[in-house]
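Hello,

Here is the structure I promised to pass on. Please open it first, then read my notes below.

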Amino acid sequence: MSVTELPGDRAPDSPATPPDAARPPRRPAPLTALLTRLHFYAGVLVAPFLLVAALTGLAYTITPQLDAALYGDKLTVTAVGGQPRPLADQIAAARAAHPDGTLTAVQPGAGDRTTRVVFAREDLGDRQHTVYVDPYTAEVAGQLTTWFGSTPATTWLDDLHRNLHLGDVGRHYSEIAASWLWVLALGGVVLWWRRRAAGRARARHLLVPDLSAGRGVRRTRGWHATTGVWLTVGLLFLAATGLTWSRYAGANFGAGLDALRAGTPEISTTLDGAPPATGGGEHRHGGTATAPAADPATYDRVLGAARAAGLSGPVEIAPAAHDGAAWTVAQTDDTWPVAYDRVAVDPAGGTVTARSDFTDWPLLAKLSKLGIQAHMGRLLGPVNQVLLAALALGLLCVVVWGYRMWWQRRPTRADRRAPLGAPPARGAWRGTPWWALLVGVPVVAALGWALPWFGGTLLGFLVVDALTGLLGRRRRRRSVPVSPAPAGS
């Protein structure tokens, strides 16, 4: 919400205005006035979406600890043994415990991690059934219905954050929040800079709240704006990475990567070295795969070939989706420094037929992958979780302070009493200079096309702003008293 001076800014308990300040306030420049009104209304209307996103995102930051508390007996072993048992024995134990479904992936356990044997079933849709096996004893530790490796608790919180458990309809809320978060963050910084940078003595309050203002709206604005400045980089990061997953803006982002050939490179699984039949995207075990049954001993042979090729750490083995194709082994270490190398292996001969290293990915693909992992709190481990939690709490404070300013600016005199503060003057965009329109309109139109929810809501704001401005002028003209006509006319 706006951080500039608005009518009614002075709190009821603030000291009386000195005589030398009785002059009418200087009218802000048209661009500043437009940004003020846009920041105010976007803050009022979009803040509820940001509030929900911050609360659900804050809950998601604790998922690693929640998984350990709820599913620790399945995810980890009770005692680390010596040499792990062959994958063939572990897969046989998992198949015995879960005879139905198609085996689509195996994640070998190491250290205190259990082996994850993933089965796809048509009745589960995009979910999978994962069997957890102790790699040292080949005993089944438990079973869960998962979503691309996520436990039920993590999946539930992920859906809550993304779509409020409302499916595709619910995804609109998070896209609106991400589409406007960067606008509110940058707009607030610009407004606060223009307000505070006038004098050197006051410029320090760009990063430190001005506590000399006493109580009232000015002190609240100081906390609101200064906290927003400190959070700006993190909020811009959350907005950018969140938009890559959104329904419409995310689709445009993916199409742009494909057009630039900057997406995650595909790895060929054909044994004759021909390029893959389909491109784009990285391997993820799906819920409706139809991979043919394979000898469990093949998994040991494929894993041995991948280890010999240099794929260390946690990996995922995915059998071929059809006969006569290579299997894929992909590193799955999401903690920095990440490991995302992949190889294709001939299951019969145990030889590597193709390779895709993370260092060879296009820059945009790397940044997208790393950004997603950081957004989910995985890239830097517990430090990442703490940073995300701090961002969520800071955003909650900024939103609450914004609404508090709106409340504090309300008129309190008996003849001007109102439930809420007055908004900035309407119609500011009509005074925008021509050169700003010449540059700004194409830029905003391009952003509106790339971010449909931003473009649609911004257009609605401008239309309503123009209509209310016209109605306000009509009411003012009607309220002007008309002088009586001269006698004898």
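First, the ground rules. This is a predicted model, in which local features need pLDDT of at least 70, side-chain atom pairs count only at pLDDT 80 or more, and totals for chains, interfaces and linings use all residues. Residues are numbered from 1 along each chain as its sequence is written, and side-chain values use heavy atoms, with hydrogens and water left out.

**The whole protein**

The protein has 13 helices and 8 strands. Both are DSSP runs numbered from the N terminus: helices are H or I with at least four residues, strands are E with at least two. Of its 489 residues, 44% are buried (under 20% relative accessible area, with a 1.4 Å probe and protein chains only). Now take contacts (heavy atoms within 4.5 Å) between residues at least 6 apart in sequence: 64% of them join residues at least 24 apart.

**Helix H4**

H4 covers residues 152-163. Its 12 residues reach 16 Å from first C-alpha to last, close to the expected 16 Å (1.5 Å times one less than the number of residues). Its buried residues include Leu 157, Asp 158 and Asp 159. Thr 154 also lies in H4. Is Thr 154 buried or exposed? Thr 154 is buried, because its relative accessible area is 5%. Beyond its neighbours within four places in sequence, Thr 154 touches Tyr 60, Thr 63 and Asp 67. Just after H4, Leu 164 has a positive phi of about 55°.

**Helix H7 and its partners**

H7 (residues 217-243) packs against H10 (residues 363-375) at about 115°, with the axes 9 Å apart. Axes are lines fitted to C-alpha atoms, for helices over the stretch in contact, and angles run from 0 to 180 degrees between N-to-C directions. So H7 is roughly perpendicular to H10 (65 to 115 degrees). The crossing is left-handed (the near helix is turned anticlockwise from the far one by less than a right angle). In H7, Phe 237, Leu 238, Thr 241 and Gly 242 meet Gly 371, Ala 374 and His 375 in H10.

H7 also packs against H11 (residues 382-408), at about 145° with axes 8 Å apart. That crossing is left-handed. Residues of H7 in this contact include Trp 223, Leu 231 and Leu 238. On the H11 side, Leu 391, Val 398 and Trp 401 are among them.

Best wishes

Conventions
Parallel < 35°, antiparallel > 145°, perpendicular 65-115°, else oblique. Buried < 20%, exposed > 50% of the residue type's maximum accessible area, 1.4 Å probe, protein only.
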